[in-house]
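Thanks for making the time this morning; I would like to walk you through one model, taking it piece by piece. Please keep the structure open as I go.

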Protein chains: 2
Amino acid sequence: MELAEYRELRRAEATKIVLLVMDGLGGLPRETDGLTELEAAHTPNLDRLAAEGICGLHEPVAPGVTPGSGPSHLALFGYDPLTYRVGRGALSAMGIGFDLGPHDVAARGNYATVDADGRVTDRRAGRISTALNRELCARLRAIELPDAEVMVETVAEHRFLLVLRGEGLSEAISDTDPQSVGEYPLEPRATDPAADRTARLVAAFVAQAREVLADQPAANMVLLRGFARRPAWPSMEEAFGLRGAAIAAYPMYRGLARLLGMDALEVEDSLPAAVEVLERHWAAYDFFYLHAKHTDSEGEDGDFEGKVAEIERVDGVVPRIMQLAPDVIIVTGDHSTPAVLRSHSWHPVPVLIRSPYCRRDRVERFGERACMAGGLGPRIPATALIPIAVASALRLEKYGA
Amino acid sequence: MELAEYRELRRAEATKIVLLVMDGLGGLPRETDGLTELEAAHTPNLDRLAAEGICGLHEPVAPGVTPGSGPSHLALFGYDPLTYRVGRGALSAMGIGFDLGPHDVAARGNYATVDADGRVTDRRAGRISTALNRELCARLRAIELPDAEVMVETVAEHRFLLVLRGEGLSEAISDTDPQSVGEYPLEPRATDPAADRTARLVAAFVAQAREVLADQPAANMVLLRGFARRPAWPSMEEAFGLRGAAIAAYPMYRGLARLLGMDALEVEDSLPAAVEVLERHWAAYDFFYLHAKHTDSEGEDGDFEGKVAEIERVDGVVPRIMQLAPDVIIVTGDHSTPAVLRSHSWHPVPVLIRSPYCRRDRVERFGERACMAGGLGPRIPATALIPIAVASALRLEKYGA
């Protein structure tokens with residue numbers, strides 16, 4: 001069912017939903033004892049929720065697809081990432097906490113090297129330092145364009161964000177990045193006649209950037225791609241009737257939550273701090289998204305024990321969350337990050353939903369293999385979780401007579 | 001796969017399929033012992049079918065969606081209710097057993113109250129009695145329109161059905177119900193140029209109705225909405241090659257079955273009567289839909305024990321059905337109606353399919369938690385059941401070479 005159809009079924013209720021996301025939660029067994037990170041962790045509180053709730057494994061995007069955090073979080077929020085696509089420029093903005101406004105067009109930028117003839121010899125300018133990147137971005141900020149503000153923000157190494165702000169700008173601009181060395185940078189072209197003026201502004205920016213960077217041995221050119229505006233999507237309030245708050249310390253997650261109309265509450269990068277923010281704002285929202293990042297970082301580092309410890313730390317704050325008596329709590333991850341793979345992976349992710357009206361299954365432990373036998377099934381689409389939670393919070397009307 | 005594609009695979013066979021629907025079958029655990037209605041019921045015959053068959057839970061419409069009986073039955077018959085939508089007028093006709101013909105346009109009508117200025121003060125005319133409704137409908141039937149027959153049928157309280165019958169009528173007419181008090185009734189507008197004449201006829205009906213009802217203190221106006229023709233859908237015979245018979249006492253279910261080309265056999269509202277009708281017509285059809293209504297009514301009343309008793313009554317007639325030796329029997333509900341919620345709900349519905357060629361699983365009992373581990377899985381779309389049954393009846397050709 002499309003979001004627009006769920007929207008027709010919204011029903012006001014004073015119930016509250018918590019979505020607790022352990023980033024990269026899903027794992028794979030280690031050799032010594034065949035247990036995954038979650039199975040090896042001592043998680044009495046999560047196990048109790050699993051026993052009282054309904055469990056399963058969710059598939060974030062599609063079979064076999066390893067998702068980035070953007071698409072996997074969109075899916076968790078109920079937005080099919082194959083329908084709701086974020087342009088690279090908008091994603092870069094989110095990643096550094098830059099809030100795109102309604103008159104902004106963003107592009108992902110690379111500092112690059114061109115030879116005397118102007119051909120690209122290194123698309124990443126030898127991965128210059130972030131410090132140099134900052135210096136060069138400060139220079140580029142001085143570029144002036146007619147009727148458009150120019151913003152240039154450092155991301156890291158050779159990567160930066162370009163934002164043009166002004167009335168009537170369009171995202172229908174082709175990339176200037178030729179994607180291979182030995183080629184000339186491409187002219188920015190309008191892929192829609194309404195983008196002609198924007199294309200001229202981008203061309204002027206690139207020409208001036210080249211002059212400004214002429215003294216640089218490596219970073220003497222910029223390449224731009226993924227021109228994008230802020231997506232105009234239904235908010236979670238519009239789609240599901242949920243006034244939402246994000247309790248997440250990292251910019252990408254805060255930015256994505258804001259895109260969906262949630263408030264991104266100020267919070268430090270610590271679990272007790274996150275729970276304290278939750279407690280403080282409990283009265284003001286219907287939906288709380290809590291993000292625990294370090295399960296993913298430990299997985300990416302290949303630190304099995306570190307990830308186990310992070311899961312146990314999250315388990316430790318569960319009783320404080322449950323003291324608030326949420327009507328529905330979902331505990332899951334956005335994707336799998338098995339320590340043995342040291343990266344995101346395509347594996348379905350353990351999930352539990354606990355509410356008085358969920359239909360309890362026979363799962364007694366929160367773990368990958370236990371969840372396979374759960375009532376949500378071993379491959380429920382991630383996009384189904386919020387609709388089920390909203391229904392369990394008695395916030396959906398009947399469909400049809 | 002779309003119905004049109006299954007249609008290409010139809011294969012003639014002298015096999016018979018029974019679909020036994022316990023309305024609102026799915027339940028939730030009661031507090032005392034944690035058993036659902038179906039789990040608490042003593043159902044030796046259904047348990048044997050579950051043990052001999054393949055089990056699971058089906059999702060009627062979409063995750064979290066609580067379906068009305070119309071959409072949920074469509075899904076059970078293999079028609080995706082998000083594709084096959086019934087307009088409210090057509091649904092009202094079905095609900096009172098009014099068979100819409102090919103030249104009919106139906107609308108749901110409300111008797112309403114307007115003030116001296118013509119503004120709506122009560123969209124339901126104080127919920128007048130059904131008796132008064134009948135009297136007023138008799139008056140409205142006297143309205144004459146050029147080249148169109150006027151039919152007005154009582155539904156209940158303030159609700160009635162308007163049907164206009166005539167060549168070239170269209171359903172592309174906007175509602176006259178303003179949906180809020182303090183507003184004037186809306187003019188019926190053609191939302192398609194081909195509906196201009198129909199719009200004029202509807203306007204003329206409303207004008208005359210207002211005169212006819214002028215002496216009424218409360219019901220002095222009519223509001224119309226959901227103009228709809230009989231949907232032109234493939235019949236079950238066209239889609240799956242099944243000559244079908246509906247054995248259902250309630251008008252909505254009979255009407256819906258007729259929409260899909262089934263014969264609605266005459267039957268009293270009793271299980272033994274239904275089985276007798278089944279036996280009597282066994283030779284004449286390929287597909288029998290048996291509807292047991294009272295499981296839903298008891299659930300809606302919050303009567304857990306009453307629903308248990310109804311399930312046991314259905315279990316009691318299963319041996320007589322099995323004596324007919326159907327090649328395939330499906331036993332399920334159209335949706336869940338847990339007694340603890342006193343209403344339809346979004347929870348998946350237990351289902352078993354028993355045939356010599358189903359692939360038996362390890363489920364030994366017909367119940368929600370037992371079915372979660374079944375071979376059909378815990379969330380099979382309801383629309384998949386008829387295709388599986390038709391295949392199990394050896395009535396589908398191979399797809400592709």
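S12(A), residues 349-354, runs antiparallel to S11(A), and four bridges join the two; two strands are said to pair if DSSP finds at least two bridges between them. S11(A) is also joined to strand S1 of chain A, residues 17-22, this time in the parallel sense and through five bridges, with Val21(A) as the bridge partner of Thr332(A).

Before going further, two remarks on the source. This is a predicted model, in which local features need pLDDT of at least 70 and side-chain atom pairs count only at pLDDT 80 or more, while totals for chains, interfaces and linings use all residues. Residues are numbered from 1 along each chain as its sequence is written, and chains are lettered from A and ligands numbered from 1 in the order in which they are written.

Staying with S11(A), is this strand enclosed or open? Five of the five residues of S11(A), 328-332, are buried, so the strand is largely enclosed by the rest of the structure. By buried I mean that 20 or more other C-beta atoms lie within 10 Å of the residue's own, whereas exposed means 12 or fewer and partly exposed lies in between, with C-beta atoms placed from the backbone. Both faces are covered, with Val328(A), Ile330(A) and Thr332(A) buried on one side and Ile329(A) and Val331(A) buried on the other.

That leads to the nonpolar core, a set of buried Ala, Val, Leu, Ile, Met, Phe, Trp, Tyr and Cys residues joined through C-beta atoms within 7 Å. The largest such core has 253 residues, and those with the most contacts inside it are Tyr289(A) and Tyr289(B); helix H12 of chain A, residues 304-323, gives the most to this core, with seven residues. In soluble globular proteins, nonpolar side chains tend to be buried together. If we set aside neighbours within four places in sequence, the residues in contact with Tyr289(B) include Leu19(B), Val21(B), Ile247(B) and Met262(B), where contact requires that the two C-beta atoms, placed from the backbone, lie within 7 Å.

Next, the domains of chain A. Chain A is divided into domain 1 (3-84 + 233-392) and domain 2 (90-228), with bounds that come from an automatic or database domain assignment, and the C-alpha centres of the two domains lie 36 Å apart. Seven residues of domain 1 of chain A are in contact with seven of domain 2 of chain A, and on the domain 1 side the largest share, six residues, comes from helix H9(A), residues 251-259.

Now to the two chains together. Chain A can be laid on chain B with an RMSD of 0.3 Å by a turn of 124 degrees and a shift of 0.0 Å along the axis, the superposition being by least squares on the C-alpha atoms of residues with pLDDT of at least 70 in both. The two copies are thus related as by a three-fold rotation axis. The copies use different surfaces, since 10% of the contact residues of chain A recur in chain B.

Which parts of chain A touch chain B? There are 21 residues of chain A in contact with 26 residues of chain B, and strand S13 (377-381), helix H14 (385-392) and strand S14 (398-399) of chain A each supply at least two residues of the chain A side. H14(A) gives the most, with four residues. S14(A) also pairs with strand S3 of chain B, residues 66-67, in the parallel sense over two bridges, and here Lys398(A) stands opposite Thr66(B).

Finally, two backbone details. Leu394(A), in the loop between H14 and S14 of chain A, has a positive phi near 60 degrees although this residue is not a glycine, and Leu394(A) is buried, with 20 other C-beta atoms within 10 Å. Glu157(B), in the loop between S6 and S7 of chain B, likewise is not a glycine and has a positive phi of about 50 degrees, but Glu157(B) counts as partly exposed, with 17 C-beta neighbours inside 10 Å.
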